[in-house]
Amino acid sequence: KGGSLLKVQLDPSGLFAVTSGSDRRVRLFDFFSGKLLCVVGGHAEIVTGMQITHDCRRLITVAGDGNVFVWRLHSSLVRAMHARLRELKLMGAPSIVNFDLLGDDG
């Protein structure tokens, strides 16, 4: 249905998983529930790389033909990731995120 799974990438907070498949589509899942949140397409070749930016606001995808897409993530996803990152900071978890750059708007 969705082609073969090729890549999996977690966001910086660990709440969401991004996948790419042989159907050239990118899917975003809630990591804990497994619920599919969205499917995006547009690449002409297989997606070979994916990364959610450290500020959690964008998803960058690159395909076999060298095209790079930058997708803006919905504000509710950004707020959820920021809240989780703050929670992890309070627990003393190590992070690659500069929390001062996240701002108060989530």
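A salt bridge here is a side-chain nitrogen of Lys or Arg within 4 Å of a carboxyl oxygen of Asp or Glu. By that criterion, arginine 27 forms a salt bridge with aspartate 23, with 2.8 Å between the closest N and O atoms.

This is a predicted model, in which local features need pLDDT of at least 70 and side-chain atom pairs count only at pLDDT 80 or more, while totals for chains, interfaces and linings use all residues. Residues are numbered from 1 along each chain as its sequence is written, and side-chain values use heavy atoms, with hydrogens and water left out.

**Figure 1. Overview of the protein chain and its confidence.**
The protein chain contains one helix and seven strands. Helices (H or I, at least four residues) and strands (E, at least two) are DSSP runs, numbered from the N terminus. Along the sequence the pattern reads β-β-β-β-β-β-β-α. pLDDT is the predictor's confidence in each residue, from 0 to 100. The chain has a mean pLDDT of 87, with 85% of its residues at 70 or more. Confidence is highest in strand E7 (residues 68-72), at a mean of 97, and lowest in helix H1 (residues 75-90), at 90. Where pLDDT is low, the predicted coordinates should not be read in detail. Of the 106 residues, 33% count as buried. Buried means under 20% relative accessible area, exposed means over 50%, and partly exposed lies in between (1.4 Å probe, protein chains only).

**Figure 2. The four-stranded sheet, E1 to E4.**
Strands E1-E2-E3-E4, in that order, form an open sheet with antiparallel pairing. Strand E1 (5-10) and strand E4 (36-40) are its edges, each pairing on one side only. From one strand to the next, the twist averages 20°. Axes are lines fitted to C-alpha atoms, for helices over the stretch in contact, and angles run from 0 to 180 degrees between N-to-C directions. Two strands pair if DSSP finds at least two bridges between them. Strand E3 (residues 26-30) and E4 run antiparallel and are joined by four bridges. Arginine 27 stands opposite valine 39 in E4.

The structure holds two salt bridges. In the pair of arginine 27 and aspartate 23, the closest N and O atoms are 2.8 Å apart. Arginine 27 is buried, at 16% relative accessible area. Aspartate 23 is partly exposed, at 22%. The other salt bridge links arginine 84 to glutamate 87, with closest N and O atoms 2.3 Å apart. Glutamate 87 is partly exposed at 40%.

Leucine 28 is found in strand E3. Is leucine 28 buried or exposed? Its relative accessibility is 5%, so it counts as buried. Contact means heavy atoms within 4.5 Å. Neighbours within four places in sequence aside, leucine 28 is in contact with residues including Phe16, Val18, Leu36 and Leu77. Leucine 28 and valine 40 lie 12 residues apart in sequence and 8.7 Å apart in space, C-alpha to C-alpha.

**Figure 3. The largest nonpolar core.**
A nonpolar core is a set of buried Ala, Val, Leu, Ile, Met, Phe, Trp, Tyr and Cys residues joined through side-chain atoms within 4.5 Å. The largest has 17 residues, and Val18, Leu59 and Met81 have the most contacts inside it. Strand E2 (16-21), E3, strand E5 (47-52) and H1 each give two or more residues to this core. H1 gives the most, with five. Leaving aside neighbours within four places in sequence, leucine 59 is in contact with residues including Val18, Met50, Phe69 and Trp71.

**Figure 4. The three-stranded sheet, E5 to E7.**
Strands E5-E6-E7, in that order, form an open antiparallel sheet. E5 and E7 are the edge strands, each pairing on one side only. E5 and strand E6 (residues 58-63) pair antiparallel over five bridges. Methionine 50 has threonine 61 in E6 as its bridge partner. The hairpin of E5 and E6 has five residues between the strands, and there cysteine 56 takes a positive phi near 70°. E6 and E7 also pair antiparallel over five bridges. Valine 62 has valine 68 in E7 as its bridge partner.
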